[in-house]
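Have the sequence and the structure open while reading.

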Amino acid sequence: MGEETFHVFLFHPPDGLLRIFLIEIVFCNCILWGKHEACCGRVHFKVFITLNNKKSKRELYSNICCLIFYYSSKLGMLLFFRSAGDGPDIYKGKICSLKARALLIDMEEGVVNEILQGPLRDVFDSKQLITDVSGSGNNWAVGYKVYGCQYRENIVEKLRKTAEHCDCLQCFFIIHSMGGGTGSGLGTFVLNLLEDEFPEVYRFVTSVYPSGEDDVITSPYNSVLAMKELNEHADCVLPIENESLFDIVNKIHHMVNSGKLGSTVKPNSLVTSSAGTTKKVQEKPFDAMNNIVANLLLNLTSSARFEGSLNMDLNEISMNLVPFPRLHYLVSSLTPLYTLADVNIPSRR
Amino acid sequence: MSIVAVQLGQCGNQIGQEVFNTICGDVRGTHGLCSKKENEAYHDACTERFFSEAESGVPVARAVLVDMEPKVISQTLSIAARSGHWKYNDQSHFCQKQGSGNNWANGYSVHGPRNKEVIMNLVRKEVEKCDRLSGFFTIMSMAGGTGSGLGAFVTQCLRDAFPTSFILNHVIWPYGTGEVIVQNYNSVLTLSHLYQSSDALLVHENDVIHKICAQLMHIKQISFRDVNQVIAHQLGSVFQPAHTAEASLHYSRNPLGDLMETLVPHPEFKMLGLRNIPQMPENSLAYSTFSWHGLLKHLRQMLIANAKMEEGSFRDPSLYTSWLNPQDAFNEWKTPRAFNKYEKSASLVSNSQFLLKPLDNVVGKAWNMFASKAYVHQYTKFGIEEEDFLDSFTALEQVISSYTNL
């Protein structure tokens with residue numbers, strides 16, 4: 001994408017007033033390496049590689065590689081890779097020098113192992129993983145009480161180590177699902193832990209709520225039990241629902257395949273695209289949906305990562321949108337979902 | 001006599017950079033339209049006021065940059081250095097990593113005391129470089145966290161450390177439909193605290209400047225950069241060396257003092273507004289001609305558009321309150337040199353009721369929010385209690401009533 005995209009966030013906090021945040025994505029031509037993240041997260045790590053395509057000066061390309069991992073074993077992982085211009089190979093070599101400020105916790109080994117074998121294996125090292133073999137069996141109590149007690153010291157120690165690498169720790173990003181066992185149980189246990197160990201650091205929680213036709217029978221119990229913890233201990237919650245993500249994906253799919261005249265969509269502009277990834281075919285059905293969430297989190301923090309004429313940091317977002325301490329659930333929206341290739345066709349409003 | 005600028009927060013730093021840019025550009029420009037000797041005198045006065053000489057020959061701005069996050073300051077420093085004609089001192093900036101999060105309490109109660117020593121040291125270093133200090137010119141916004149909260153704290157510290165210097169706070173009034181939801185709280189708290197420690201508050205409203213950009217300068221997509229440039233132009237036109245009525249042979253030696261002397265006769269009335277004409281896009285400058293009479297008439301109309309009165313001259317007693325002699329109330333500063341590519345330009349700094357309506361609005365909105373105690377927990381977290389809010393409200397109500405009774 002050579003042009004700017006404007007992503008408008010409509011937040012509907014519970015007091016009914018509509019607030020609109022406009023976050024502008026600015027493409028910059030610097031190369032950011034290493035552990036210089038001003039806002040370092042916990043299960044949030046951004047690796048930004050932006051390059052200035054020297055051959056075509058008129059367009060500034062931006063290479064963004066972003067990963068977001070999910071705790072629960074239900075959801076898959078996300079990979080964003082957009083290569084632009086020449087020489088992606090040269091830069092790929094340098095990815096090894098980056099390490100994500102993240103902790104991956106799962107009570108089953110499958111997903112985490114997959115990540116470690118993928119192209120991002122160098123970004124995570126074994127000191128950042130906590131895994132077990134048997135899983136939580138979709139049981140909140142197992143995640144919270146059993147594994148919580150068992151792994152408490154381990155988690156605290158690894159957290160402290162990761163936090164020590166940061167110059168200035170601003171916030172924690174916790175990404176999990178509410179329907180499973182590990183994500184909701186152990187996830188909320190960790191949230192509790194963070195409040196005890198690091199009381200001044202903001203805790204942003206991205207929770208994936210189960211949809212109506214979820215196939216996990218105990219997901220309502222798990223969600224309700226986790227909600228109680230979120231109410232007390234999270235500073236800000238961004239709920240995400242699987243069903244709405246699925247609707248968005250369908251809408252885009254419909255748009256792309258409808259074959260209407262002039263409705264060709266610009267490639268790589270889809271909010272669900274993970275164009276240029278090493279996987280040519282999207283194998284898992286959750287990939288598109290996860291990409292949307294990745295986009296969301298990327299955009300939320302873009303003001304902290306890039307310069308602009310009006311910077312809106314994460315703690316500013318939380319300050320402005322949380323009028324009372326317990327009303328901290330933010331609803332997010334994203335636009336545009338795609339960019340039409342033909343600029344003469346008026347976009348749908 | 002020199003003015004030390006203190007740039008606070010993102011807004012303050014961006015505007016400060018534009019101001020120095022404008023001043024430097026004006027000084028270097030050849031559009032003086034006056035004699036060479038005059039030009040040189042102007043150049044000297046201006047550089048002494050705002051810049052100090054460095055070994056490399058590039059003038060160094062007399063400024064201290066303060067912000068709680070590093071991005072804006074690094075951007076400002078690099079833009080200034082890139083211009084090649086002036087730059088900031090590499091040591092005179094202070095930044096942290098975390099930002100204030102639009103929280104006045106964070107800026108005032110946490111970042112202020114924590115960093116007081118460092119910031120005051122930087123200011124003292126700048127002051128020592130001046131032969132004679134005219135005063136301080138602080139630039140800040142009211143809606144954010146650093147500019148407003150830390151700005152109020154720093155102003156207080158400046159007042160304590162330099163009790164005999166003038167402090168002119170340049171305050172940016174946020175958009176009515178601003179993007180910061182707690183801007184009304186931040187504005188109320190800032191104004192009430194600034195009123196105590198500052199000598200005068202020079203206010204620029206974002207809405208008004210935006211309108212100038214849209215209607216007079218015909219800019220299609222107004223960015224903050226355009227707004228900042230307009231503000232910088234207006235500020236520059238006031239602070240450029242000028243002859244006062246008494247000393248018409250050489251440039252005024254005490255700009256801030258003269259300004260305050262005439263404009264702030266009573267400590268209750270400190271809010272100053274600024275109008276500058278003409279404002280037009282650069283392209284049309286070559287095709288326009290001006291006359292002094294026309295400009296002054298226009299200015300007067302702009303002044304009385306905010307107060308409902310009839311025609312007259314600036315010496316008309318009906319413009320002023322009863323307890324002020326019109327002869328003393330109006331002061332003219334002239335300079336034979338043109339400013340910033342305009343052949344003739346006029347600026348009016350006035351202390352009037354123009355800010356009454358916006359102030360009323362802001363206080364009203366803040367009070368509504370406070371009545372339901374919304375967002376108050378964000379401030380109590382850092383030490384600002386409800387009593388502080390109430391004190392600020394009372395102080396501002398008093399200011400409003402004083403201005404209304406004029």
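## An open sheet in chain A

In this predicted model, chain A has an open sheet of three strands, ordered β7-β8-β9, with parallel pairing. Strands here are DSSP runs of E with at least two residues, and helices are runs of H or I with at least four, both numbered from the N terminus. Two strands pair if DSSP finds at least two bridges between them. β7 (171-177) and β9 (236-241) of chain A are the edge strands; each has a single partner strand, so one side of each has no neighbour in the sheet. From one strand to the next, the twist averages 15°.

Seven bridges join β7(A) to β8 (residues 202-209) of chain A, in the parallel sense. Ile174(A) lies opposite Val205(A) of β8(A).

## A helix on the sheet

Helix α8 (residues 314-321) of chain A packs on this sheet and touches β7 and β8 of chain A. Touching, or contact, means heavy atoms within 4.5 Å. The direction of α8 makes about 75° with that of β8(A). Axes are lines fitted to C-alpha atoms, for helices over the stretch in contact, and angles run from 0 to 180 degrees between N-to-C directions.

## Chain B as a whole

Chain B contains 15 helices and 11 strands. Of its 406 residues, 57% are buried (under 20% relative accessible area, 1.4 Å probe, protein chains only). Among contacts in chain B with a separation of 6 or more, 80% link residues 24 or more positions apart.

## Basis of the values

Residues are numbered from 1 along each chain as its sequence is written, and chains are lettered from A in the order in which they are written. Local features need pLDDT of at least 70, side-chain atom pairs count only at pLDDT 80 or more, and totals for chains, interfaces and linings use all residues, while side-chain values use heavy atoms, without hydrogens and water.

Technical notes
Buried < 20%, exposed > 50% of the residue type's maximum accessible area, 1.4 Å probe, protein only.
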